[in-house]
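Student: I would like to take a close look at a single part of this structure and then see how the rest is arranged. Could you guide me through it?

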Amino acid sequence: MSSPVPLELADAALAYGPRTVWSGLDLVVGRGEFLTVLGPNGSGKTSLLRAVLGTQPLSAGTLHVLGRPPRRGGRTVGYVPQQRLVDPVTPVRARDLVRMGIDGDRWGVGGRRHRARVDELLAAVGATAYADVPLGLLSGGEQQRVRIAQALGSDPALLLCDEPLLSLDLARQEEVVGLIDATRRRTGTAVVFVTHEINPVLPVTDRVLYLAPAGHAVGTPDEVLTTEHLSALYGTRVDVLRAQGRVVIVGGDEHAHHLEEEVA
Amino acid sequence: MTEDVWSRLFSFEDYGALLGLVTNSLVAGAVLGLVGGLVGVFVMQRDMAFAVHGISELSFAGAAAALLVGADVVLGSVVGSVVAALLIGLLGTRARDRNSIIGVLMPFGLGLGVLFLALYPGRAANKFGLLTGQIVAVDDTRLGVMLALSAVVVAALVVVWRPLTFASVDPDVAAARGVPVRALSLVFMVLLGLAVAMAVQVVGALLVLSLLITPAAAASRVSASPIAVPVLSVTFAVTSAVGGILLALGGSVPISPYVTTISFVIYLVCLALGRRRTRRGWVRRA
């Protein structure tokens, strides 16, 4: 028998009351794979992450992380959130945030253990120079590096990234994506990367999961991101344009917006 | 005239004899410094300064109600502040909700307190003391209650220290890692309520912030270390409380101006030191 895969969903569905967000989702994310999750607002990208974290139960089907049902607070899943403004006087240094990723969920005050491990994690993301700087004094890109180190603290088999590039400039976006890519190649951690903007992650994406109002699609970017495919997913004309290795999707988000208004 | 004011503020005649009378207050002040300094660290992390003020007004209402009906004043202020803390914790999960709820509760509490005091027929000094602090009010029984409350608060803080820090600083990731963020928030509100009720006994409802916020705010200006900040915060709070009582001893004005002034001066010094440090980029970067 082969070793369990980082993430496996079979005929999975998620609903809030009568509203089904997605259904019939079959997906296997292998070791070291980079899966990019795309889709308009309200298509259930964040709900998918919650389901994997075990904070949102599926309404049908199964979900397994390393062959087991998701467990709240499991150490096999790392989580990188959006960059958030931190008050400059919040008394937390980069190294303290990383340390929380290792043992922040345990009771008690904790001692001086893990110092070497924290240094190692900070070095791996190139954040050694600002290990002792308060988080609020770091730039957005530096903060995201520290967050990646934090998420790797529990040696996760799966790294969930929830719009980690939001509010970063282009150069910082490239840096953060490069770092996540290098990490998954080095550690074999699978990556599920939720974003509304494909282009920064296009060069490193193995497969795309596109969640849309009228269904979903899984495949390589070239397979999924086509005019026919997305038009079918949205149930209306959506154009996919390609220029110099970049992808532009025209029409999708606007249509989704109208749909929501009609429902409301 | 000037000399007159001066001697009302500072007088050290018969100081030794007076000191004997306030031993209980000094112990209470030191313990309060310890509790306030520790709780303050989390108040800063959770950005809850306004909540502390709101809770202290309801604590004052509880104490005034107890005074009126002849019940124990400490008990009254504990009930008032824990109820207020839980209400704020349950109704205001998001910062914006929380602030409007505090804004609604606070004047109501203060109004109730004023009503109870107006109805109370006893000595005016008792009334004023609840708002601005009193120095000789700590008898052996009350000191015992305060020590027991402090022990509970400090012990509970030690147990929840790591997950509470995680949940305060980084709630999204903490929740993803299975930290019970919401439950910890309510536990912290109860501990905060107890700390406020104790502080009301010494510095009075209006100036609780000087022991629960100012020391931690000062500490986090000069350090971000998870060990140095609580240690400095406790040191500053104990210095303010005990120093304030010692200075107030000879004068004939209430204790709180001394406590608040010491704690404010410490803050100003830390602010200046912190500015210099921030300008230099905090640490030397390689």
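Which residues of helix α1 (residues 45-53) of chain A are buried?

Tutor: Please bear in mind throughout that this is a predicted model. In helix α1 of chain A, which covers residues 45-53, the buried residues are A:K45, A:L48, A:L49, A:A51, A:V52 and A:L53.

In chain A, 6 strands form an open sheet with mixed pairing, and their order is β5-β6-β7-β3-β8-β9. At the edges stand β5 (77-80) and β9 (215-219) of chain A, each of which pairs on one side only. From one strand to the next, the twist averages 15°. Within this sheet, strand β6 (residues 158-162) and strand β7 (residues 190-194) of chain A run parallel and are joined by 5 bridges. As an example of the pairing, A:L159 has A:V191 in β7(A) as its bridge partner. Helix α4 of chain A, residues 140-151, packs on the sheet and touches β5 and β6 of chain A, and the direction of α4 makes about 165° with that of β5(A).

Chain A is divided into domain 1, which consists of 1-76 + 156-220, and domain 2, which consists of 87-155. The C-alpha centres of these two domains of chain A lie 24 Å apart. Their contact takes 13 residues from domain 1 of chain A and 11 residues from domain 2 of chain A. On the domain 1 side, the largest share, 6 residues, comes from helix α5 (residues 170-187) of chain A. By class, that side of domain 1 has 7 nonpolar, 3 polar and 3 charged residues.

Finally, there is the contact between the chains. Here 28 residues of chain A are in contact with 29 residues of chain B. On the side of chain A that touches chain B, helix α2 (residues 94-103) of chain A provides the largest share, with 4 residues. The residues on this side of chain A comprise 15 nonpolar, 6 polar and 7 charged.

Definitions and conventions: Residues numbered from 1 in each chain as written. Chains lettered and ligands numbered in written order. Predicted model: local features only at pLDDT ≥ 70, side-chain atom pairs only at ≥ 80, totals over all residues. Contact = placed C-beta atoms within 7 Å. Helix = DSSP H or I, 4+ residues; strand = E, 2+ residues; numbered from the N terminus. Nonpolar A, V, L, I, M, F, W, Y, C, P; charged D, E, K, R; others polar. Domains from an automatic or database assignment. Pairing = 2+ DSSP bridges. Axes fitted to C-alpha atoms, helices over the stretch in contact; angles between N-to-C directions. Buried ≥ 20, exposed ≤ 12 C-beta atoms within 10 Å, placed from the backbone.
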